[in-house]
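Please read them beside the model.

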Amino acid sequence: MTLVPERRITLGGVPVDVRGFDEAVDLIASWPLAHETTPLAVASINLDHIHHFGTGSKWGTRLSATARQPTAQPTVEWLNLIDGAPIAVRARQIVGENCPRLAGSDLITPLLDRAEQTGASVGFLGGSVETQALLRDYLRLARPGLRISGFWSPARQELSDPDACGRLSEDIAAAKTDILIVGLGKPRQELWIAEYGPATHAQVLLAFGAVVDFLAGRVRRAPQWVSEAGLEWAWRLVLEPRRLARRYLVEGPSALVRIMASKVEPVLPLTADAAVPMVGGDT
């Protein structure tokens, strides 16, 4: 199983995979059965991702093959799924077909269902200790059959310390984690996965941001009509104005300009050939 290059375009300098909902779930859930050495990392592509990893951005090449050194250890294969409404609209204009939004908060339920069915172990990295306590209680009641390898809530200074991150990845590996849900916020979660993901020995790493908060019930998801109208960003801005104002009102518009200028530009599938050095980022 490999990522199909014909189903991948470039928006704002970021490779974006065009997948249907069921197709994405099947690919992610079956990856551990088809790959023994190369883990699959899944990223949600929205304007915030374009801001951090698009053309001209601070981390523009950190997740690409060109940033890797041939002598370094193997890294991950990235599956970049459409999340933000502007990404879906622009992708549809380019490929001429419907490009559904595949937010991590929508994918997580069927993925946990499949993990229960296959017996895959699931670990959670990110979120506060209090949030993880709520998540434990939720999973104990809602998913008693789910194999949970562990919960890890590193402090910010630990995530900026290579030695601490190395120990953290060793702990996750020792817990025999098959699927690791990483909720550290962009760009830190993607950078952490790129550098330390292989050392965790997890076969799937999901950079799903606020999913831990959603599952724990700490943050309310937008109503369906708000999401369908492409206004989920406004919903979240109302709930967390201090944290999200700059992201949505300052950084978002410039990222939107980048994707609207994007043309059809298929790219080759990324291959696992080396690790990416990590530098700290914002949550």
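This is a predicted model: local features need pLDDT of at least 70, side-chain atom pairs count only at pLDDT 80 or more; totals for chains, interfaces and linings use all residues.

1. Residues are numbered from 1 along each chain as its sequence is written, and side-chain values use heavy atoms, with hydrogens and water left out.

2. The structure holds 2 aromatic pairs. Rings of Phe, Tyr and Trp (its six-membered ring) pair if their centres lie within 6.5 Å; planes under 30 degrees apart are stacked, over 60 edge-to-face, the rest tilted.

3. Phe124 and Phe151 are stacked, because their ring centres are 5.4 Å apart and their planes at 10 degrees. The pair links distant parts of the chain, 27 residues apart: Phe124 sits in strand E5 (residues 121-125), Phe151 in strand E6 (residues 147-152). Strands (E, at least two residues) and helices (H or I, at least four) are DSSP runs, numbered from the N terminus.

4. Phe124 is buried at 0% relative accessibility. Phe151 is buried at 16%. Buried means under 20% relative accessible area, exposed over 50%, partly exposed in between (1.4 Å probe, protein chains only).

5. Trp192 and Tyr196 form a tilted pair, with centres 5.5 Å apart and planes at 40 degrees. Both lie in helix H8 (residues 188-200), 4 residues apart, about one turn of the helix.

6. Arg143 lies in the loop between helix H5 (129-142) and E6. Arg143 counts as buried, at 9% relative accessibility. Beyond four places in sequence, Arg143 touches Thr109, Leu112, Asp113, Glu116 and Tyr138; contact means heavy atoms within 4.5 Å.
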